[in-house]
Structure formats: C-alpha cells, structure tokens
Amino acid sequence: MKKEKIALQSTFKSQDTEEWIDVYFTRPLGLLWAKFFMRLNVHPNVVTILSMVLGAVAGVMFYFPDWQHTVAGILLLTWANLYDSADGQLARMTGKKTLWGRILDGFAGDVWFLFIYVAIALRITPEWGIWIWIIGSVNGFVCHVKQCQMADYYRNVHLYFIKGKEGSEMDSYEKVKEDFRNTPWKSQWFWKLFLFFYCNHTRAQEQLSPQFQRLKKAIKERFGDDIPQRLRDDFRAGSLPLMKYTNILTFNTRAIALYISLFINRPGWYILFELVVLTGILLYMRNRHERLSRQLYLKIDSYEKD
C-alpha cells in the first residue's frame with residue numbers, strides 16, 4: 001500500500017494544486033488506467049482522443065430528458081475525465097510529455113462541453129427559444145473559455161514558482177508564436193494549425209494578466225530562471241489560497257453543478273451557473289492574483305539582497 005501511495009503521488013503535478021476529489025477518486029482510478037495503457041504501449045495522445053470521444057457521446061446523452069440517458073451521460077463523462085487524468089499520468093510515467101499532447105489535452109475538455117452545450121440548447125429550445133443559443137454562445141465561447149484558460153495558467157504559474165521551469169507547463173506567447181512562424185504549412189499544416197490556436201490561447205492568458213507579465217519580465221531580467229527562495233516563498237504564500245478557485249473553475253465543481261441541473265430537469269440553470277457564478281469567481285481570482293503580482297513587483301529590488 002505504501003508503494004502504491006508513493007507511485008500515485010509521483011504522478012501528481014503538486015500537492016498544492018490537486019483537488020481532494022482528484023486525490024481520492026480521479027487520480028487513483030486514472031493511475032490504474034495509465035498502468036493498463038502503459039502495458040499495451042498506448043501513447044498518451046491516444047488516451048486523450050479516447051476521452052474526447054467518451055465526452056462527446058456523454059454530451060449527446062444529455063439531450064434526452066429521461067433519467068436513464070442522464071445516468072449514462074454522467075457515467076460516460078466520468079469515464080472521459082478518468083482518461084483525461086490517465087493521459088497526463090501516463091505521459092509523466094513514460095516521459096512522453098510533448099507540447100502536442102498538452103494542446104490536445106486542453107482541447108479535449110472543449111470538445112466535451114461543446115457537445116454538452118449543443119445538447120442542452122437543443123433540449124430546451126422549445127422552452128427558452130433563441131435566447132438559449134445566444135446565452136449559451138456567450139457563455140461557451142467567452143466565459144467558459146476564459147475560465148479554463150486562466151485556471152490552467154494560474155496553476156502553471158504556481159507550479160513554476162514552487163517547482164521551477166521543469167515542473168511547470170507555463171508557455172510564452174512569444175515562444176509559441178516563433179514556433180508557429182518556423183513551422184511550414186506545406187509539410188506540417190496540421191501541427192501549424194494547432195499552433196495557431198495555441199498562440200491565441202497563450203496570448204489571451206497574457207493579456208488577462210498584465211501585472212503578472214510585468215513581474216515575470218522583471219524576474220527574468222534580474223534572476224533568469226534562478227528565482228530567489230524568499231521570492232518563491234512569498235509568491236507561494238499569496239498564490240496558494242487561490243488554488244482552490246482554479247480547482248472550482250476546472251472540472252469537478254462544474255460537473256457536479258451540471259449533474260444536479262440535469263437530475264432536477266433544469267439544464268438551462270447550469271448555463272447560468274457558469275455565466276454568473278463561475279465568471280464571478282474568475283474575476284475575483286484574477287484580481288487577487290494581479291494584486292499579488294503588483295505587490296511583489298514593487299518590492300522586487302529587496303530580493304536582490306538574498
């Protein structure tokens with residue numbers, strides 16, 4: 001049991017960023033799937049694609065109002081989420097971590113919820129009319145995307161400060177843009193297309209965090225990647241309380257709200273929950289993080305004495 005616990009913890013990104021549902025449910029079951037796929041020599045990206053398929057089928061199930069389809073959809077979406085955990089765990093276990101895999105992994109959740117939004121909109125159009133398509137489009141293409149983008153970004157920023165460059169997947173827009181420019185359309189058009197969307201993804205993250213970008217630039221100019229330990233500790237102290245909000249904006253809270261709305265036959269309420277509650281949490285989290293970044297920037301010179 002001790003060996004199994006150590007093996008499980010080795011697949012965590014960090015104890016700071018793991019949610020309790022993931023620690024006690026998703027990660028253990030995901031690890032079992034990761035070990036299964038590793039024995040079959042299945043690449044992590046294949047697991048990610050399988051999770052997309054499962055999540056898409058789950059979305060279709062939510063179109064139907066009866067409880068049998070609802071339960072089937074919940075089980076399929078849970079299964080998809082286990083695969084979403086397993087692909088990252090498998091990548092860390094096998095060393096097959098790539099930018100392609102990271103982009104694909106982020107895209108998987110978008111596929112799930114695209115199908116979920118369309119299914120809900122079709123289901124309640126007779127009741128809500130054209131408004132559900134307008135509200136759903138604003139929520140899906142603006143609010144949901146921003147929520148997931150910034151939750152992922154702040155989590156990776158936190159990992160960068162506590163584990164360094166190798167322990168984080170924080171990407172720079174300038175670096176991704178350079179990769180995009182150096183990739184030819186003719187021979188690598190599919191990869192270039194992925195990089196195009198990833199450029200937009202990283203640019204949006206940086207545009208929404210100007211104070212942190214200023215802090216990051218100042219740190220890079222003064223310390224490079226060798227960040228003073230006191231600065232790491234100060235950033236972690238301010239950032240750690242915000243990790244619970246990044247978790248709320250990822251999958252588990254979102255899924256629980258979705259399941260409740262489906263069981264009480266009010267799926268439209270889930271769209272409103274994302275639009276109002278989760279967007280409010282995003283704005284609060286962003287403001288807290290920007291304030292922290294500004295405070296550390298103003299005292300950056302004091303860390304040079306370390």
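Mentor: A helix here is a DSSP run of H or I, at least four residues long, and helices are numbered from the N terminus. The model is predicted.

Trainee: In which helix is the place of Asn139?
Mentor: With helices taken as DSSP runs, Asn139 can be assigned to one of them. Its place is in helix α6.

Trainee: Is Asn139 buried or exposed?
Mentor: The cut-off for buried is under 20% relative accessible area. Asn139 has 0% relative accessibility, so it counts as buried.

Trainee: Which side chain joins that of Asn139 in a polar contact of 2.6 Å?
Mentor: Look at what Asn139 touches beyond four places in sequence: Tyr117, His144, Ile271, Glu274 and Leu275. At 2.6 Å, the polar contact from the side chain of Asn139 goes to that of Glu274.

Trainee: With which side chain does the side chain of His158 make a polar contact?
Mentor: His158 is also in α6, which spans residues 131–163. It counts as buried because its relative accessibility is 0%. The polar contact, at 2.8 Å, is with the side chain of Ser239.

Trainee: How far apart in space are Tyr153 and Trp67, C-alpha to C-alpha?
Mentor: At 2% relative accessibility, it counts as buried. Its contacts outside four places in sequence are Met170, Gln205, Glu206, Ser209, Phe212, Gln213 and Lys216. Trp67 is 86 residues away in sequence, and the C-alpha distance is 36 Å.

Trainee: Which element gives the largest share of the largest nonpolar core?
Mentor: That core has 43 residues, and Phe62, Leu77, Leu258, Tyr259 and Tyr270 touch the most other members. The elements giving two or more residues include α2, α3, α4, α12 and α13. The largest share is eleven residues, and it comes from α5.

Trainee: How many residues does the other core have?
Mentor: Take a residue of the largest core, Tyr259. Outside four places in sequence, Tyr259 touches Phe62, Ile74, Leu77, Thr78 and Phe251. The other core lies apart from the largest one, with Leu242, Leu249, Leu282 and Met285 among its members. Its residue count is 26.

Trainee: At roughly what angle do the axes of α12 and α13 cross?
Mentor: The crossing is right-handed. The axes come within 7 Å, and the angle is roughly 150°.

Trainee: How many residues of the contact of α12 with α13 are nonpolar?
Mentor: On α12, the contact uses Thr253, Arg254, Ala257, Leu258, Ser261 and Leu262. On α13, it uses Pro267, Tyr270, Phe273, Glu274 and Leu278. Two of the contact residues are polar, two are charged, and the nonpolar ones number seven.

Trainee: Where is the place of Asn265?
Mentor: Most residues other than glycine have a negative phi. Asn265 is not a glycine, yet its phi is positive, about 60°. It counts as partly exposed because its relative accessibility is 40%. Its place is in the loop between α12 and α13.

Trainee: Is Asn41 buried or exposed?
Mentor: Asn41 lies in the loop between α2 and α3. Its phi is positive, near 60°. The cut-off for exposed is over 50%. Asn41 is at 60% relative accessibility, so it counts as exposed.

Conventions
Residues are numbered from 1 along each chain as its sequence is written. This is a predicted model: local features need pLDDT of at least 70, side-chain atom pairs count only at pLDDT 80 or more; totals for chains, interfaces and linings use all residues. Side-chain values use heavy atoms; hydrogens and water are left out. Buried means under 20% relative accessible area, exposed over 50%, partly exposed in between (1.4 Å probe, protein chains only). A polar contact is a pair of N or O atoms within 3.5 Å; within protein, one must be able to donate a hydrogen and the other to accept it, and residues adjacent in sequence count only if both atoms are side-chain atoms. A nonpolar core is a set of buried Ala, Val, Leu, Ile, Met, Phe, Trp, Tyr and Cys residues joined through side-chain atoms within 4.5 Å. Contact means heavy atoms within 4.5 Å. Axes are lines fitted to C-alpha atoms, for helices over the stretch in contact, and angles run from 0 to 180 degrees between N-to-C directions. A crossing is left-handed if the near helix is turned anticlockwise from the far one by less than a right angle, and right-handed if clockwise. Ala, Val, Leu, Ile, Met, Phe, Trp, Tyr, Cys and Pro count as nonpolar, Asp, Glu, Lys and Arg as charged, and the others, Gly among them, as polar.
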